[in-house]
There are 2 protein chains.
Amino acid sequence: MNFLNTEYAVETDTDLGLVEDVLDWFFTDAKLRAVSVHPAYLSLWEAIERSAASGKRFRPRLLLLAYRQLGGMDSAAAARLGAAYELLHNAFLIHDDVIDRDVMRHGVPNVSGHYSNKARRAGASAAAAQHAGMASGLLAGDLVLAGAYRLHGSVETCPKVREELNGILDYAVFSTIGGELLDVEFARAAEMPSPEEIRTVARHKTSVYSFEAPLQAGAVLAGATASVAATLAAFGRDAGIAYQIADDVLGVFGQEQHTGKTNWGDLREGKRTAMLSYAATKPQWKQISELIGSDRMTAAEAQWVRALLRDCGAQEHAVQLASEHAQAALKQLGDEVPAGLGDSLESLLSSVLAGLHSL
Amino acid sequence: MNFLNTEYAVETDTDLGLVEDVLDWFFTDAKLRAVSVHPAYLSLWEAIERSAASGKRFRPRLLLLAYRQLGGMDSAAAARLGAAYELLHNAFLIHDDVIDRDVMRHGVPNVSGHYSNKARRAGASAAAAQHAGMASGLLAGDLVLAGAYRLHGSVETCPKVREELNGILDYAVFSTIGGELLDVEFARAAEMPSPEEIRTVARHKTSVYSFEAPLQAGAVLAGATASVAATLAAFGRDAGIAYQIADDVLGVFGQEQHTGKTNWGDLREGKRTAMLSYAATKPQWKQISELIGSDRMTAAEAQWVRALLRDCGAQEHAVQLASEHAQAALKQLGDEVPAGLGDSLESLLSSVLAGLHSL
């Protein structure tokens with residue numbers, strides 16, 4: 001997410017330090033409590049802390065941006081709320097990796113990878129090691145999900161705001177897991193999901209917890225009107241979909257040094273994206289579908305699939321779609337939010353799309 | 001848990017009806033929201049609801065017992081809090097089954113079983129079907145865990161009680177997952193865990209969320225003193241350990257028609273129990289250890305292991321240990337709690353041990 005390094009982030013640097021402080025406190029407290037149970041429990045918490053260390057804190061940033069620009073003054077409460085969303089994000093990542101049987105993230109072993117490697121070193125079979133990784137990843141994700149609720153519940157505020165914040169978090173969890181379920185089920189289905197279904201997944205799996213909820217929560221904590229919070233949610237909805245489409249395009253066409261991940265992983269996996277859903281309606285699909293979704297796909301084959309996706313207009317279609325959602329997001333803002341917040345959100349959106357223009 | 005049908009439960013029958021109402025509302029609301037995401041999401045929620053339908057509501061019963069006997073009058077709040085602990089229990093069951101790769105519970109397919117059967121019928125390979133079961137079980141458990149927090153957070157009370165309730169729930173989750181981690185790690189280790197380690201697992205995995213937390217939460221919601229709540233927690237700690245040891249003995253020596261589960265499953269699995277930990281120090285262990293922990297163990301071999309466990313004194317030791325913990329639990333109560341509550345808890349403990357006397 002290269003749009004995190006733009007100017008809008010500068011204003012909240014001090015607040016972000018407070019988010020780190022909350023997370024540090026959270027993990028220190030957890031490790032102290034874990035060691036009183038058993039040293040093995042401390043090891044699990046250390047693995048969790050490592051996995052959470054490398055995040056870009058996108059959701060806290062968004063939350064703090066809305067909070068500050070809407071006049072919020074209680075840095076401690078906002079940092080705590082931001083940290084809760086960061087933990088929520090980490091819980092989802094850990095469980096996503098369990099579902100995808102991924103053992104690496106950002107080039108290093110994730111929680112499951114750490115435990116499966118450890119089991120292997122202790123002489124376990126590949127299957128037993130995989131099981132050890134699955135079990136510890138599952139438990140780790142549960143702990144972090146519970147931790148998110150714990151931090152969220154400890155934000156000091158009045159009953160009315162508390163109830164609204166609870167509703168936002170609840171909807172975020174409900175929605176994201178629904179999106180993840182659809183993602184899993186669509187990946188397993190023989191037929192390609194419709195564009196509408198792809199959008200449903202993007203909205204539920206990405207927009208809600210990464211954009212809508214942090215913006216809304218920041219607004220509600222700042223005491224903004226229901227109308228402003230709803231406007232930010234509407235913005236977040238389209239912005240998240242735009243981001244997801246852009247991210248999927250870059251996952252296939254982007255430069256690895258910019259995206260930080262391989263540009264054939266999604267093709268090998270046959271990940272259901274807006275681009276592929278469009279391509280599935282074109283004559284080139286026969287060739288594309290024969291190549292993607294295989295662990296043995298070569299670099300040359302990936303290159304050929306890229307050419308076919310360009311050729312049938314799928315790449316252009318997806319870029320256009322991302323751009324339309326970004327426009328729709330901006331349109332939602334209208335005059336409802338302060339100019340400074342609107343400008344920051346607009347520059348964030350430009351960053352989302354920036355990578356696409358150089359393709 | 002046959003001790004659920006004893007007299008102590010009678011007093012809270014109306015309250016229990018309210019717990020069912022809360023759960024009904026919870027699932028109806030979730031299903032309505034799920035269908036607005038996608039029909040596939042509704043199916044997941046239906047599978048979750050089925051899996052939660054057959055519970056004996058032990059934790060809500062305990063919570064309501066403490067609440068009523070300590071003078072609590074807000075039925076709605078207590079029922080909601082009880083339902084939260086019931087959901088927490090269900091979340092743990094669903095994720096335990098994922099970790100144990102169990103596809104049945106109470107003789108019917110669990111969430112994972114439902115999804116792996118469905119995948120099989122759709123033509124998936126055994127491995128793909130298992131993966132489908134794992135993924136849906138993982139997501140289902142996340143939803144129910146989040147649901148527990150949601151209900152818990154919606155109990156109306158004052159800030160002080162709210163903070164205490166949050167602390168109790170947080171400790172319950174933290175402790176239980178720690179216990180589950182140890183259970184998984186000990187099962188994988190070559191050497192038998194020490195009696196102390198077995199007790200640590202029982203305390204963290206069973207006592208805390210099934211006994212201590214519901215009793216404490218009921219007391220705190222009723223406005224009891226910190227001292228009464230602490231006394232109930234201390235009771236729950238030993239009562240839970242007594243229950244776990246008794247349950248493990250009955251899992252090997254009990255009559256299947258009484259326990260509702262096979263009496264060789266634990267032996268086949270090689271489950272680490274107080275009984276086996278004791279047996280591991282005896283000459284009979286060589287023979288025992290060669291037979292247990294194998295999927296291919298026959299009924300005759302199981303019968304032979306039982307004879308060896310009796311012979312080396314492991315059965316008697318475990319029965320004695322359960323009895324000692326039950327005594328210790330009762331001793332904790334002292335004069336601190338009202339007589340009616342003390343009597344109910346004592347009869348509960350007798351029921352826990354009742355099955356052991358007939359062995």
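1. Salt bridges overall. In this predicted model, the salt-bridge count over all chains comes to 35. Two individual pairs are taken up in this note, one inside chain A and one between the chains.

2. A pair within chain A. Lys205(A) and Asp96(A) form a salt bridge, with the closest N and O atoms 3.8 Å apart. The pair counts under the rule because a side-chain nitrogen of Lys or Arg need only lie within 4 Å of a carboxyl oxygen of Asp or Glu.

3. Packing of helix 4 against helix 1. Helix 4 of chain A, residues 75-100, also packs against helix 1 of chain A, residues 13-37. The angle is about 65° and the axes are 8 Å apart. The crossing of these two helices is right-handed. On the side of helix 1 of chain A, the residues in contact include Leu18(A), Val22(A), Trp25(A), Phe26(A) and Phe27(A). Helix 4 of chain A contributes Ser75(A), Ala79(A), Arg80(A), Ala83(A), Glu86(A) and Leu87(A). Sorted by class, this helix contact holds ten nonpolar, one polar and three charged residues.

4. Extent of the chain interface. Chain B and chain A bury about 4200 Å² between them, and 73% of that area lies on carbon and sulfur atoms. The contact takes 44 residues from chain A and 44 residues from chain B.

5. Side chains of opposite charge can pair when their charged atoms come close. The rule finds four salt bridges across the interface of chain B and chain A. Arg150(A) and Asp170(B) meet through their side chains in a salt bridge, at 3.2 Å from N to O. Between chain B and chain A, 14 residue pairs are in polar contact, with both residues at pLDDT 80 or more.

6. Composition of the chain B side. Six elements of chain B each supply at least two residues of the side that touches chain A: helix 1 (13-37), helix 2 (39-53), helix 4 (75-100), helix 6 (126-153), helix 7 (159-188) and helix 8 (195-221). Helix 7 of chain B provides the largest share of that side, 14 residues. By class, the residues of chain B that touch chain A divide into 27 nonpolar, eight polar and nine charged.

Note on methods:
Residues numbered from 1 in each chain as written. Chains lettered and ligands numbered in written order. Predicted model: local features only at pLDDT ≥ 70, side-chain atom pairs only at ≥ 80, totals over all residues. Heavy atoms only, no water. Axes fitted to C-alpha atoms, helices over the stretch in contact; angles between N-to-C directions. Helix = DSSP H or I, 4+ residues; strand = E, 2+ residues; numbered from the N terminus. Left-handed = near helix turned anticlockwise from the far one by under 90°. Contact = heavy atoms within 4.5 Å. Nonpolar A, V, L, I, M, F, W, Y, C, P; charged D, E, K, R; others polar. Buried area = accessible area lost by both parts, 1.4 Å probe. Polar contact = N/O pair within 3.5 Å; in protein donor to acceptor, adjacent residues only side chain to side chain.
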